[in-house]
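Subject: Structure handover

Hello,

Here is the structure I promised to pass on. Please open it next to this email and follow along.

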Amino acid sequence: ISKKVQAIYLWWHKPVIDQELLQSLPNLKVIANSGVGMDHLDLKLVASFGVKMANAPRAVSSSTADTGMALLLASARRLVEGYHIAVSSGMEYCEADFLGVEVTGATLGIIGMGRIGYKIALRAKAFEMNILYHNRTRRKEQEEQAIGATYCEKIDGLLQQADFVMVVVSLTPQTHKLIGKRELELMKPTATLINISRGAVIDQEALVTALQTGVIRAAALDVTYPEPLPRDHALLKLKNVIITPHLGIKTHKATYMITEEAVENILAALNGLPIPSEVLPS
């Protein structure tokens, strides 16, 4: 049926799109991705076959922003540790010094102020947080005012001021290990790092060291590399880390909306119309 295939809908990076597959599908017109991140695709290779590409940014932004805020709150108030204390067989009382950190009035630094980053800022505003952001391009003044956000042209200033740093960037060669030893050491020792983008945006070995030595207070990660981590990985042994299995978009509603957006993109491509969420090779 290779000559009949005109569109591919990628779900969780499957099927793998390589040169062999592209060569075997002479009438392929479009690849629609389930989600925003396109780092699993060689965009230039796909484009060289004359195939269009699309992602699903509208469908995933709210659910991913919710995940980011959930991780922030869970880490700040030590919910996972608290749960284990509450259900432990020897539980008689909670230690008086089992303390989290305040979210209200704290400073949130958002690295990547795209669609998802902006929705995180909207949620953070409701928690009365001070919001800083770093992005390749600055948002319009009215957009900044709507969420009370301050632009940081340099990432260093954001890292030095934020109580919580949330990473919401796409994985590209430019953002690979964007947060490494130097960046972690710029952060406050009381700060928390939250990653809802891609695992490779953070240097994991540097993060382990930073968490072990008190360079930063804690981390909350929905993404790692690889996924899942090897069962003996150092990150899995640290109490000041929360790790979730890439839950970002995993809600019933988001899954349905992703499929709808993908179908919309596919139908547009097959009918020669502008693709609403087309992704071009950089």
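Below are the findings, topic by topic.

First, the ground rules. This is a predicted model, in which local features need pLDDT of at least 70, side-chain atom pairs count only at pLDDT 80 or more, and totals for chains, interfaces and linings use all residues. Residues are numbered from 1 along each chain as its sequence is written, and side-chain values use heavy atoms, with hydrogens and water left out.

Domains

The protein chain is assigned domain 1 (2-59 + 250-279) and domain 2 (60-243). Such bounds come from an automatic or database domain assignment. The C-alpha centres of the two domains lie 30 Å apart. Their contact takes 12 residues from domain 1 and seven residues from domain 2. Contact here means heavy atoms within 4.5 Å.

Pockets

Rolling a probe the size of a water molecule over the atoms shows where empty space is left. A pocket is an open set of points on a 1 Å grid over the protein atoms alone, where a 1.4 Å probe fits, with protein on both sides within 12 Å along at least five of seven lines; lining residues have an atom within 4 Å of a point. Grid points are joined across faces, edges and corners, and a volume is the space filled by probe spheres set on the points.

The largest pocket has a volume of about 1600 Å³. Its lining has 50 residues, and Val36, Val169, Ser170, Leu171 and Thr172 lie nearest the centre. Helix 2 (43-48), helix 3 (57-76) and helix 5 (115-126) each give two or more residues to this lining. Helices (H or I, at least four residues) and strands (E, at least two) are DSSP runs, numbered from the N terminus. At least three lining residues come from each of domain 1 and domain 2. By class, the lining of the largest pocket has 20 nonpolar, 22 polar and eight charged residues. Ala, Val, Leu, Ile, Met, Phe, Trp, Tyr, Cys and Pro count as nonpolar, Asp, Glu, Lys and Arg as charged, and the others, Gly among them, as polar.

The second largest pocket holds about 320 Å³ of space. It is lined by 15 residues, with Arg78, Glu81, Lys239, Asn240 and Val241 closest to its centre. Which element gives the most to this lining? Helix 4 does, with four residues. The lining of the second largest pocket has eight nonpolar, three polar and four charged residues.

Side-chain pairs

Side chains of opposite charge can pair when their charged atoms come close. The structure holds 12 salt bridges (a side-chain nitrogen of Lys or Arg within 4 Å of a carboxyl oxygen of Asp or Glu). One of them joins Glu278 and Lys52, at 3.7 Å from N to O. These two are 226 residues apart: Glu278 is in the segment after helix 10 (252-270), and Lys52 is in strand 3 (residues 52-54).

Now look at His134, in strand 5 (residues 130-134). A polar atom of the His134 side chain lies 3.0 Å from the backbone oxygen of Cys152. Beyond four places in sequence, the contacts of His134 include Ile110, Met113, Glu153 and Leu158.

Most residues other than glycine have a negative phi, and most peptide bonds are trans. Trp12 is not a glycine, yet has a positive phi of about 55°. Trp12 sits in the loop between strand 1 and helix 1. Pro15 lies in the loop between strand 1 (7-10) and helix 1 (19-24). The peptide bond from Lys14 to Pro15 is cis, with omega near 0°. Tyr225 and Pro226 are also joined by a cis peptide bond, with omega about -5°.

Best wishes

Note on methods. Polar contact = N/O pair within 3.5 Å; in protein donor to acceptor, adjacent residues only side chain to side chain.
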